[in-house]
Amino acid sequence: KSGFVAIIGRPNVGKSTLMNQIIGQKIAIMSDKPQTTRNKIHGVYTSGSGQIVFLDTPGIHKPTSKLGDYMSKVAHGTLGEVDAVMFLVDVADGIGGGDRYIIEQLKHVTTPVFLVLNKIDLVQPEKLFEVIVQYKDLYSFAEVVPVSALKGNNVTTLLEQIIRYL
Ligand code: GDP
Ligand code: MG
């Protein structure tokens with residue numbers, strides 16, 4: 001089993017950290033500054049059960065400039081070309097305008113979307129459950145998976161769940 005997976009999410013939710021945790025190399029640029037990742041960067045994860053080719057897309061966001069507009073187009077184009085979408089959110093921050101905007105864009109996507117709740121190392125279980133309920137109200141996700149990209153918690157489970165959809 002193999003396929004292409006796009007990682008999307010607003011800036012600073014941990015997309016680059018997750019890519020680096022999965023691929024085990026510093027292939028994506030990491031920064032606290034939004035929009036550092038300007039290109040689609042491919043990384044390949046291989047296990048006994050299958051293979052995932054990852055696209056680390058520029059963040060989908062409300063375009064505020066020509067560059068932002070271009071980056072949104074690249075990100076939206078990517079979503080139509082992949083076999084699954086990983087929508088990464090920051091569980092400590094909760095749902096923000098940027099997340100709601102992305103969910104609106106996802107309504108045009110027929111690809112299975114995984115909601116990946118990142119930074120679980122920063123919150124209590126009660127907060128995690130509350131955020132899960134809020135997101136599930138907004139969209140019908142294929143799967144909902146809590147992880148810590150930084151610590152690596154539940155990342156292997158996430159990958160194996162994705163492979164089942166390929
Ligand atoms: P991106 O903009 O979505 O690519 O986000 P980055 O990967 O650059 O991460 C933004 C910030 O969040 C960095 O300071 C990361 O160290 C931090 N971060 C990412 N994942 C986690 C996590 O699981 N737990 C914690 N505590 N911090 C994280
Ligand atoms: Mg990044």
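Q: What share of the contacts with a separation of 6 or more comes from residues 24 or more positions apart?
A: Two residues are in contact if their C-beta atoms, placed from the backbone, lie within 7 Å. In this chain, residues 24 or more positions apart account for 67% of the contacts with a separation of 6 or more. The model is predicted: local features need pLDDT of at least 70 and side-chain atom pairs count only at pLDDT 80 or more, while totals for chains, interfaces and linings use all residues. Residues are numbered from 1 along each chain as its sequence is written, with chains lettered from A and ligands numbered from 1 in the order in which they are written.

Q: How many helices and strands does the chain have?
A: Helices (H or I, at least four residues) and strands (E, at least two) are DSSP runs, numbered from the N terminus. The chain has five helices and six strands, and from the N terminus on the order is β-α-β-β-α-β-α-β-α-β-α.

Q: Which residues of helix α3 are buried?
A: A residue is buried if 20 or more other C-beta atoms lie within 10 Å of its own, exposed if 12 or fewer, and partly exposed in between. Of the 166 residues in the chain, 36% are buried. In α3 (residues 97–106) the buried ones are G98, D99, I102 and L106. They lie on the same side of α3 because they cover an arc of only 100° around the axis, the arc being that of the directions from the helix axis to the C-beta atoms. G97, R100 and E104, on the other side of α3, are exposed.

Q: What do the buried residues of α3 pack against?
A: An α-helix has 3.6 residues a turn, so residues three or four places apart point the same way. Here the buried residues of α3 pack against β1 (2–8), β4 (84–90) and β5 (113–118).

Q: How is β5 joined to the strands beside it?
A: Two strands pair if DSSP finds at least two bridges between them. β4 and β5 run parallel and are joined by six bridges; V116 in β5 is the bridge partner of L88. β5 also runs parallel to β6 (residues 143–146), with four bridges, and F114 stands opposite E143 in β6.

Q: Which hand do the crossovers have, right or left?
A: A crossover is right-handed if, with the strands pointing away from the viewer, the path from the first strand over the helix to the second runs clockwise. The chain crosses from β5 through helix α4 (residues 125–138) to β6 in a right-handed β-α-β crossover. β4, α3 and β5 also make a right-handed β-α-β unit.

Q: How many residues of β5 are buried, and which way do they point?
A: Six of the six residues of β5 are buried. V113, L115 and L117 point one way, and F114, V116 and N118 the other way.

Q: Which residues have the most contacts inside the largest nonpolar core?
A: A nonpolar core is a set of buried Ala, Val, Leu, Ile, Met, Phe, Trp, Tyr and Cys residues joined through C-beta atoms within 7 Å. The largest has 35 residues, and A6, V85, M86, F87, F114 and V116 have the most contacts inside it. β4 gives the most to this core, with six residues.

Q: How many residues of α4 are buried?
A: One of the 14 residues of α4 is buried.
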